[in-house]
Amino acid sequence: MAHNPPLRATAYEFYLSLVSQSNTKVFQNNPTLAAGDVKVSKDGGSLSNVATLPSAVGSGKVVTVMLSAGEMTADNVTVIF
């Protein structure tokens, strides 16, 4: 599912870590994300909730983000947390 570079109108998956707000020197372990915490913008348009909430990989510090083909129908896709 992941392509480098990402392809327009093709589902895309990537991984990241989130910095802890209580201690910015460490990554958040098993972050809990709720609806509205992660949003996507296509070509600078309005922000909307992602279709699939990101989740921690194995309850660890790595989070997987999956964007649908519909969310990738733009030249510039921005994801904010």
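Start at S55, which stands opposite T64 in strand 5. This is a predicted model, where local features need pLDDT of at least 70 and side-chain atom pairs count only at pLDDT 80 or more, while totals for chains, interfaces and linings use all residues. Residues are numbered from 1 along each chain as its sequence is written, and side-chain values use heavy atoms, with hydrogens and water left out.

Strand 4, residues 55-56, runs antiparallel to strand 5 and is joined to it by 2 bridges. Strands here are DSSP runs of E, at least two residues, numbered from the N terminus, and two strands pair if DSSP finds at least two bridges between them. Strand 4 and strand 5 make a hairpin with 6 residues between them, and in the turn G58 has a positive phi of about 60°.

On to strand 1. Strand 1 and strand 5 are antiparallel and share 5 bridges; E13 has M66 in strand 5 as its bridge partner. Is strand 5, residues 63-67, enclosed or open? Of its 5 residues, 4 are buried, so strand 5 is largely enclosed by the rest of the structure. Buried means under 20% relative accessible area, with a 1.4 Å probe and protein chains only.

Strand 2 pairs with strand 3 over 2 bridges, and K39 stands opposite N49 in strand 3.

Between strand 1 (12-16) and strand 2 (39-42) there is a loop that holds S20. S20 is buried, with a relative accessible area of 6%. Its side chain makes a polar contact with the side chain of S22 at 3.1 Å; that term means a pair of N or O atoms within 3.5 Å, where within protein one must be able to donate a hydrogen and the other to accept it, and residues adjacent in sequence count only if both atoms are side-chain atoms. Leaving aside residues up to four places away in sequence, S20 touches V26, F27 and Q28, contact being heavy atoms within 4.5 Å.

Last, the largest pocket. Its lining includes S20, Q28, D37 and F81. A pocket is an open set of points on a 1 Å grid over the protein atoms alone, where a 1.4 Å probe fits, with protein on both sides within 12 Å along at least five of seven lines; lining residues have an atom within 4 Å of a point.

Key. Buried < 20%, exposed > 50% of the residue type's maximum accessible area, 1.4 Å probe, protein only.
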